[in-house]
Amino acid sequence: MKDDFYERVTPEDLKYDDRGLIPAIVQDYETKRVLTLAYMNAESLRRTLEIGQTVFWSRSRKEFWHKGETSGNYQYVKAIIADCDRDALTVLVTKDGPACHHGTDSCFSYPLFGDMPEEFRKIDQETEKKNNE
């Protein structure tokens, strides 16, 4: 595969919804587990790129949300990848602690169909153990 196989995009290439938001799927860089789904606007994306940590737009509070600012569980951006329509992002991160405000490794911890993968169970057990120390 050629080095230039993947077309680079710029923030200006992205397509935001009518509220000026773009979904950001946050994924653990190492385990590839989906951690959360958040939203960014152009300014939160700019801040994320500037500091190398995730900054989102809180739809409920209507303010910027720098992940880790209050919890200490910062997320460090390793890559941001746009989808084919350029209207959604995957944000690959390493992190200081749990991604979910409930203290779990991932916000996605509630199976609807099928079983939780064993590797995710192990991560959740390790996270719970750390939280109880």
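**Salt bridges and their surroundings**

Guide: Let's start with arginine 86 and glutamate 7, whose side chains meet in a salt bridge with 3.2 Å from N to O. This pair ties together distant parts of the chain: arginine 86 sits in the loop between S5 and S6, while glutamate 7 belongs to the segment before strand S1 (22–28), 79 residues away. A salt bridge here is a side-chain nitrogen of Lys or Arg within 4 Å of a carboxyl oxygen of Asp or Glu. The element names come from DSSP runs, numbered from the N terminus: helices are H or I with at least four residues, strands are E with at least two.

Before going on, a word on provenance. This is a predicted model, so local features need pLDDT of at least 70 and side-chain atom pairs count only at pLDDT 80 or more, whereas totals for chains, interfaces and linings use all residues. Residues are numbered from 1 along each chain as its sequence is written, and side-chain values use heavy atoms, with hydrogens and water left out.

Back to the pairs. Glutamate 7 counts as exposed because its relative accessibility is 63%; the cut-offs are under 20% relative accessible area for buried, over 50% for exposed, and partly exposed in between, with a 1.4 Å probe and protein chains only. By the salt-bridge rule, the count comes to nine. One of them joins arginine 19 to aspartate 17, with the closest N and O atoms 2.9 Å apart. Arginine 19 is exposed at 54%, and aspartate 17 is partly exposed at 29%.

Another joins arginine 47 to glutamate 43, and here the closest N and O atoms are 3.1 Å apart. Both belong to helix H1, four residues apart, so about one helical turn separates them. Arginine 47 is partly exposed, at 31% relative accessible area, and so is glutamate 43, at 28%. There is also a network: salt bridges that share partners join Arg33, Lys95, Asp105 and Asp124.

Together with Ile25, Val34 and Phe108, Leu37 makes a nonpolar surface patch with about 310 Å² of accessible area in total. Patches take residues with over 30% relative accessible area and no salt bridge, joining like charges within 9 Å and nonpolar side chains (Val, Leu, Ile, Met, Phe, Trp, Tyr) within 5 Å. The areas come from Shrake-Rupley with a 1.4 Å probe, and for residues only the protein chains shown count as cover.

Two loop lysines deserve a backbone check. Lysine 32, in the loop between S1 and S2, has phi near 70°, a positive value in a residue other than glycine. Lysine 62, in the loop between S3 and S4, has a positive phi as well, near 55°. Lysine 32 is partly exposed at 46%, whereas lysine 62 is exposed at 61%.

Finally, zooming out: the order along the sequence is β-β-α-β-β-β-β-α. The radius of gyration is 16 Å, close to the 14 Å that the globule rule gives for 133 residues, so the chain is as compact as a globular protein of that length. That radius is taken over C-alpha atoms, and the rule is 2.2 Å times the number of residues to the power 0.38. Buried residues are 34% of the 133. Of the contacts with a separation of 6 or more, 43% involve residues 24 or more positions apart.

How values were computed: Contact = heavy atoms within 4.5 Å.
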